[in-house]
Amino acid sequence: MAGLTGEYTLTYSESSKGFPSFYSYIPEMMVGMNNYLYSFKGGNIWRHNTNELRNNYYNTQYSSQITSIFNEQPLENKLFKTINLESDAAWSGTFSSNVQTTGTIDASWFEKKEGAWFAFMRNSGTTPAASEEYVLRSLNGIAASSSVDSTAPAAVEINFPLTTSIGSILSIGDTLYFIASPVAPSSTPTICGTVTAVNIDLPNSVNQIVVDTTAGNIPPGAADYFMFVKNQIAESHGILGHYCEFVLTNDSTEATELFAVESEVMKSFP
């Protein structure tokens, strides 16, 4: 069967009167005989379901993969925060919506609680951030700086007026961006670097962010506008969108069962 992303073997089930499964292996011929399934490949005959090694066809190992969609209340924008698997094993997953396409969960990130597997969605994102990421809630504005000390590129000190609240959301490891003044609606943010320290001591006139700019850019002016993007993996806000399409993958060579998948979802309030 020719598909949008490759070739598959499509199976028909008499009991369900439908086509429930796609397989990655491509036989030359298949036949059922004496309660066994036989296939032919490269001039050889193979009998299926005769050992405990799963997803291995013609000496090639494959993965189990399931694709589905969370689509409750499709007219509302939502944040898909977590994944709960009713399964006897953890699966890795990728997640996408009509807004974001970079959600991911590794199988090793799951925790088993009361017989089920739980993990929160990470958002891999890109560095520098892609243009579509600027409109998402992971981007936070700060203010215009008052001065910049760029003597050491690995520890650039960006100072803000004492009346500016840097806030508690910014943390070490976040990525800082700036827009050179004068700021215009069409201005494009420029990556500055990775935050290495946040120094706030207002009684001693300290209101400062320290940034490693070796993989970024030193701000050209003293009063540029600054913003930051949270570490997309360590502090993900989840996946934003009207729906969430997920692809779960299991690489186990043993029998694995997946009964149900659910997500903790909250309504997005812009």
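Is Tyr-23 buried, exposed or partly exposed? Tyr-23 turns out to be partly exposed, because its relative accessible area is 27%, where buried means under 20% relative accessible area, exposed over 50%, and partly exposed in between (1.4 Å probe, protein chains only). The structure is a predicted model, in which local features need pLDDT of at least 70 and side-chain atom pairs count only at pLDDT 80 or more, while totals for chains, interfaces and linings use all residues. Residues are numbered from 1 along each chain as its sequence is written, and side-chain values use heavy atoms, with hydrogens and water left out.

The tour may start with a sheet. Helices (H or I, at least four residues) and strands (E, at least two) are DSSP runs, numbered from the N terminus, and two strands pair if DSSP finds at least two bridges between them. An open sheet is built from 5 strands in the order β10-β26-β13-β14-β17, with antiparallel pairing. Its edge strands, each pairing on one side only, are β10 (64-70) and β17 (122-123). Strand β10 runs antiparallel to β26 (residues 244-250), and 7 bridges join the two; here Ile-69 stands opposite Glu-245 of β26. On to β13, which is antiparallel to β26 and joined to it by 5 bridges, with Gly-93 facing Leu-248 of β26 as its opposite residue. Strand β13 also pairs with β14 (residues 103-105) in the antiparallel sense, over 3 bridges. In that pairing Phe-95 has Gly-103 of β14 as its bridge partner, and 6 residues lie between the two strands of this β13-β14 hairpin.

A nonpolar core is a set of buried Ala, Val, Leu, Ile, Met, Phe, Trp, Tyr and Cys residues joined through side-chain atoms within 4.5 Å. The largest such core has 16 residues, and those with the most contacts inside it are Ile-83, Leu-85, Phe-95, Ile-105, Phe-110 and Met-121. Two or more residues come from each of β12 (82-87), β16 (116-120) and β26, with β26 giving the largest share, 3 residues. For Leu-85, contact (heavy atoms within 4.5 Å) is made with residues including Trp-91, Phe-110, Trp-117, Leu-248 and Val-261, not counting residues up to four places away in sequence. Another core, of 15 residues, lies apart from this one, and among its members are Leu-170, Ile-209, Val-211 and Phe-226.

Charged side chains come next. A salt bridge is a side-chain nitrogen of Lys or Arg within 4 Å of a carboxyl oxygen of Asp or Glu, and the structure holds 2 of them. One joins Lys-17 and Glu-14 (3.4 Å, N to O); Lys-17 is exposed at a relative accessible area of 57%, and Glu-14 is exposed at 54%. In the other, Lys-230 meets Asp-174 with the closest N and O atoms 2.8 Å apart. This pair links distant parts of the chain, 56 residues apart: Lys-230 is in the loop between β24 (225-229) and β25 (239-241), and Asp-174 is in the loop between β20 (156-159) and β21 (175-179). Lys-230 counts as buried because its relative accessibility is 5%, and Asp-174 is buried at 0%.

Aromatic rings complete the picture. Rings of Phe, Tyr and Trp (its six-membered ring) pair if their centres lie within 6.5 Å; planes under 30 degrees apart count as stacked, over 60 as edge-to-face and the rest as tilted. The count comes to 12 aromatic pairs. Tyr-12 and Phe-19 form an edge-to-face pair, because their ring centres are 5.1 Å apart and their planes stand at 65 degrees. Tyr-23 and Tyr-57 are also edge-to-face, with centres 6.5 Å apart and planes at 70 degrees. Tyr-23 lies in β4 (residues 18-23) and Tyr-57 in β8 (residues 56-57), so the pair ties together parts 34 residues apart in sequence. Tyr-57 counts as buried, at 18% relative accessibility.
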